[in-house]
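Here are a few notes to read alongside the structure. Have it open and follow the points one by one.

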Amino acid sequence: MLKLLRRMVVGDVDAVAEKLALALNEAGMQRMVARVMAAFLFSDADSLTAGDLQERLDASAGSISAAIGMLRTVALVEPAAVPGSRRAHFRMRDDAWSTLMTGKNATLELMQQIAEEGLAHIDPGSPAHGRLTEMAAFYRYLQVELPALMDRWHASRGDPGSADPEPQLRTAESDTPD
C-alpha cells in the first residue's frame with residue numbers, strides 16, 4: 001500500500017512538473033530547457049547529474065547537455081560539488097529567480113539602445129517612429145524600476161545586505177496617511 005501511495009504522489013509531482021514545463025514552453029522557452037528546469041525545481045535531491053536528468057526525462061544526452069548549458073547561461077543552474085562523485089552535478093541556484101531578473105538588465109539596456117538607434121533612422125512622422133518611441137520609453141522605465149523592485153524583493157525576505165533588514169509587509173491600511 002505504501003509503495004502504491006508513493007507512486008501516486010510521485011506521479012502527481014511529475015504531472016505538475018510537466019504542467020510547469022508546458023507553461024514555460026508556451027511562454028517561449030525551448031521544450032527541453034523547460035522540462036529540465038522543471039526537473040530541477042521538483043527534485044528532492046540537492047543536485048542532479050546529466051544522467052539523472054536523462055533517465056528522469058527519457059531524453060538524449062545531447063538535449064540534456066544543451067538544456068543544462070542554457071540554464072547555466074541564464075544563471076538558473078550552477079555546478080554543485082559532490083564529494084566522492086566523479087560525475088558533474090548541478091543544482092538550481094538558491095537565488096535563481098532574482099539572479100535571472102537582475103541579469104535581464106543587460107537585455108533591457110540593449111533593447112532600449114536598439115530602439116533609440118532605430119529612432120535616429122526613422123522619419124519622426126511615421127508609425128514606426130511612434131512604436132520605437134514607445135519601445136525605448138518602456139525599456140528605459142524598466143531599467144529604472146527593476147533594480148528598485150529587486151531591492152524590495154530582497155528586503156521583503158530579510159536578505160543580508162538588503163536596504164531594509166527588518167521588512168514589513170505593506171497593506172492598503174499602512175499606505176493610507178494618518
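1. Before we start: a helix here is a DSSP run of at least four residues, H or I, numbered from the N terminus. Ser-98, for instance, sits in helix α5. Keep in mind that this is a predicted model.

2. Let's stay with Ser-98. Is Ser-98 buried or exposed? Buried means under 20% relative accessible area, so Ser-98, at 9% relative accessibility, counts as buried. Its side chain reaches the backbone oxygen of Asp-95 at 3.3 Å. Setting aside neighbours within four places in sequence, Ser-98 is in contact with Met-150, Trp-153 and His-154.

3. Now look at two helices that meet. Two packed helices are described by the angle between their axes and the distance between the axes. For α2 (residues 31-42) and α4 (residues 61-73), the axes come within 9 Å and cross at roughly 75°. The two helices are therefore roughly perpendicular to each other.

4. Which residues of α2 and α4 meet? From α2 you'll find Met-32, Val-33, Val-36, Met-37 and Phe-40, and from α4 Ser-63, Ile-64, Ala-67, Ile-68, Met-70 and Leu-71. Sorted by class, this contact has 10 nonpolar residues, 1 polar and no charged ones.

5. On to the largest nonpolar core, which has 25 residues. Val-36, Phe-40, Leu-53, Ile-64, Leu-71 and Leu-76 touch the most other members. At least two residues come from each of α1, α2, α3, α4, β3 and α5, and α2 gives the most, with 8.

6. Finally, zoom in on Leu-53. Not counting residues up to four places away in sequence, Leu-53 touches Val-36, Ala-39, Phe-40, Leu-48, Asp-58, Ile-64 and Ile-68.

Key: Residues are numbered from 1 along each chain as its sequence is written. This is a predicted model: local features need pLDDT of at least 70, side-chain atom pairs count only at pLDDT 80 or more; totals for chains, interfaces and linings use all residues. Side-chain values use heavy atoms; hydrogens and water are left out. Axes are lines fitted to C-alpha atoms, for helices over the stretch in contact, and angles run from 0 to 180 degrees between N-to-C directions. Angles under 35 degrees count as roughly parallel, over 145 as roughly antiparallel, 65 to 115 as roughly perpendicular and the rest as oblique. Contact means heavy atoms within 4.5 Å. Ala, Val, Leu, Ile, Met, Phe, Trp, Tyr, Cys and Pro count as nonpolar, Asp, Glu, Lys and Arg as charged, and the others, Gly among them, as polar. A nonpolar core is a set of buried Ala, Val, Leu, Ile, Met, Phe, Trp, Tyr and Cys residues joined through side-chain atoms within 4.5 Å. Buried means under 20% relative accessible area, exposed over 50%, partly exposed in between (1.4 Å probe, protein chains only). A polar contact is a pair of N or O atoms within 3.5 Å; within protein, one must be able to donate a hydrogen and the other to accept it, and residues adjacent in sequence count only if both atoms are side-chain atoms.
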